[in-house]
Amino acid sequence: MVGVTAAPADVATGSVYVARLLTDDAMASLQSLDRTLVVGPEEPPTREEILRRVPGAAAIICTLTERIDAEVLDAAGPQLRVVANTAVGYDNIDVAAARARGVVVTNTPGVLDRATADLTLGLILAATRRIAEGDRFLRNGTPWTWGPRMMVGLDLSAGATLGIIGLGRIGRAVAQRARAFDMQVLATPTRAELDDDERAAIQIVDLPELLRRSDVVSLHCPLTPQTRHLIDDDALRQMKPTALLVNTARGPVVDTDALVAALAGGEIGGAALDVFEDEPHVDPRLLGFEQVVLTPHLGSAADATRSAMCQMSVGNAVAVLAGRPPLTPVS
Ligand code: GLV
């Protein structure tokens with residue numbers, strides 16, 4: 001453990017620790033706060049740097065790459081009021097530890113649904129229509145001519161079935177886009193209130209049925225103790241041997257060892273992964289599969305979306321420091 005000495009501070013004078021440089025507009029909004037800003041680098045700060053810079057903070061504005069646990073909360077000091085995550089997923093934050101210390105935790109729901117759903121459809125197309133593979137093929141200088149049997153992929157709009165695990169905001173945005181491709185849509189049970197169109201178009205089924213019937217299985221659930229390794233050996237065995245697994249949620253929802261074995265053994269047809277179990281490390285075994293498409297956690301990486309996320313996390317911190325309710329507290 002890194003030793004830290006809490007700087008004397010109270011809520012009124014506490015600093016704002018911005019763990020990573022946010023978008024320019026969000027950084028400009030922070031300037032209006034009459035508080036010391038402790039701003040981290042563009043790259044993820046090391047644990048040691050977080051523990052060194054957080055003492056005295058009344059607000060921590062972080063991203064999904066920083067683990068905010070009891071040690072960091074205690075290092076900040078008793079004046080800490082809010083941890084504002086610049087992400088919708090908040091599995092990087094020990095919410096119970098924050099609550100126990102009277103610290104509000106906020107996230108950024110709603111502003112990244114469309115961008116993440118767009119990327120999901122991009123990954124589905126990249127894998128099923130072999131776009132990434134075709135790109136590699138040409139870059140490698142492979143000789144070719146057009147042919148009726150050349151690099152044929154799955155025809156999404158010829159009745160392919162998409163199974164959505166996690167029909168929340170992002171899952172629903174994915175379903176909407178999939179319907180534009182004439183896909184049949186299945187989803188696991190949801191607490192979301194579906195509208196009439198969604199109720200007519202999306203068939204709610206249990207997980208085994210979804211795994212058995214889907215040509216594409218797409219993950220949109222949060223990472224919780226219940227969803228860690230939800231996609232394991234057993235789940236993969238239930239999928240079609242031609243099916244594509246898509247993960248734009250969180251890496252640990254999929255058991256990587258099980259996925260590698262399923263790909264190697266032909267138990268599933270392919271995978272498209274934007275997130276990884278031990279980010280930013282990508283298991284090198286995944287790189288060897290032609291039928292796997294990989295992107296570096298780009299789900300929300302679209303300009304207006306990133307700006308909205310950063311403004312929202314700043315807005316949450318500003319609200320709590322001003323004694324107002326947070327805009328988007330985690331439940
Ligand atoms: C991105 O992964 C997020 O949770 O916002």
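This is a predicted model: local features need pLDDT of at least 70, side-chain atom pairs count only at pLDDT 80 or more; totals for chains, interfaces and linings use all residues.
Residues are numbered from 1 along each chain as its sequence is written, and side-chain values use heavy atoms, with hydrogens and water left out.

Turn next to the polar contacts, that is, pairs of N or O atoms within 3.5 Å. Within protein, one atom must be able to donate a hydrogen and the other to accept it, and residues adjacent in sequence count only if both atoms are side-chain atoms. At V88, a backbone N or O atom lies 2.8 Å from a ligand oxygen. The side chain of R250 places an N or O atom 2.7 Å from an oxygen atom of the ligand, and the side chain of H297 also has an N or O atom 2.7 Å from a ligand oxygen. The protein buries 90% of the 200 Å² that the ligand exposes when taken alone; these accessible areas come from the Shrake-Rupley method with a 1.4 Å probe, and for residues only the protein chains shown count as cover.

Now select the open sheet of seven strands, ordered β8-β7-β6-β9-β10-β11-β12 with parallel pairing. Strands (E, at least two residues) and helices (H or I, at least four) are DSSP runs numbered from the N terminus, and two strands pair if DSSP finds at least two bridges between them. β8 (202-204) and β12 (292-294) are at the edges with a single partner strand each, so one side of each has no neighbour in the sheet. From one strand to the next, the twist averages 20°.

Zoom in on β11 (270-273), which runs parallel to β12 and is joined to it by three bridges; A272 has V293 of β12 as its bridge partner.

Finally, select the open sheet of five strands, β2-β1-β3-β4-β5, also with parallel pairing. Its edges are β2 (37-39) and β5 (104-106), each with a single partner strand, so one side of each is left without a neighbour in the sheet.

Methods: Axes are lines fitted to C-alpha atoms, for helices over the stretch in contact, and angles run from 0 to 180 degrees between N-to-C directions.
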